[in-house]
Amino acid sequence: MDDADRAGIEQERIEKAFLAKRTMLPPSRPSATQCIKCNIAIPEKRRQILPGVQLCVECKH
Ligand SMILES: [Zn+2]
């Protein structure tokens with residue numbers, strides 16, 4: 001097994017854990033249409049990717 005294989009397995013493990021976590025934890029609140037901190041609109045795509053998201057990209061940093 002070379003380094004590329006190991007990296008691929010590690011990546012797959014991370015992705016599976018991430019998906020399992022998302023499945024186990026349904027959003028307890030709907031995604032905000034606007035950032036709760038600065039009030040700018042949160043893009044629809046971001047709201048779909050991050051269920052329950054309340055902050056825009058800038059405020060999340
Ligand atoms: Zn914001």
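1. Contacts. Take the contacts in the protein between residues at least 6 apart in sequence: 12% of them join residues at least 24 apart. The model is predicted, and the points below should be read with that in view.

2. Overall make-up. The protein has three helices and zero strands. Read from the N terminus on, the order of elements is α-α-α.

3. Burial. The protein counts 61 residues, and buried residues make up 5% of them. The two residues picked out below, Asn-39 and Ile-49, are both classed as exposed.

4. Asn-39, backbone. Asn-39 sits in the loop between helix 1 (3–24) and helix 2. Its phi is positive, about 70°, although Asn-39 is not a glycine. Most residues other than glycine have a negative phi.

5. Asn-39, surroundings. Is Asn-39 buried or exposed? Asn-39 is exposed, because it has 9 C-beta neighbours inside 10 Å, and a residue with 12 or fewer is classed as exposed.

6. Ile-49, location. Helix 2 spans residues 44–49, and Ile-49 belongs to it.

7. Ile-49 has 10 other C-beta atoms within 10 Å, so Ile-49 is exposed. The cut-off is again 12 or fewer.

8. Ile-49 and Ser-31. How far apart are Ile-49 and Ser-31 in space, C-alpha to C-alpha? The distance is 9.9 Å. In sequence, Ile-49 and Ser-31 are 18 residues apart.

Technical notes. Residues are numbered from 1 along each chain as its sequence is written. This is a predicted model: local features need pLDDT of at least 70, side-chain atom pairs count only at pLDDT 80 or more; totals for chains, interfaces and linings use all residues. Helices (H or I, at least four residues) and strands (E, at least two) are DSSP runs, numbered from the N terminus. A residue is buried if 20 or more other C-beta atoms lie within 10 Å of its own, exposed if 12 or fewer, and partly exposed in between; C-beta atoms are placed from the backbone. Two residues are in contact if their C-beta atoms, placed from the backbone, lie within 7 Å.
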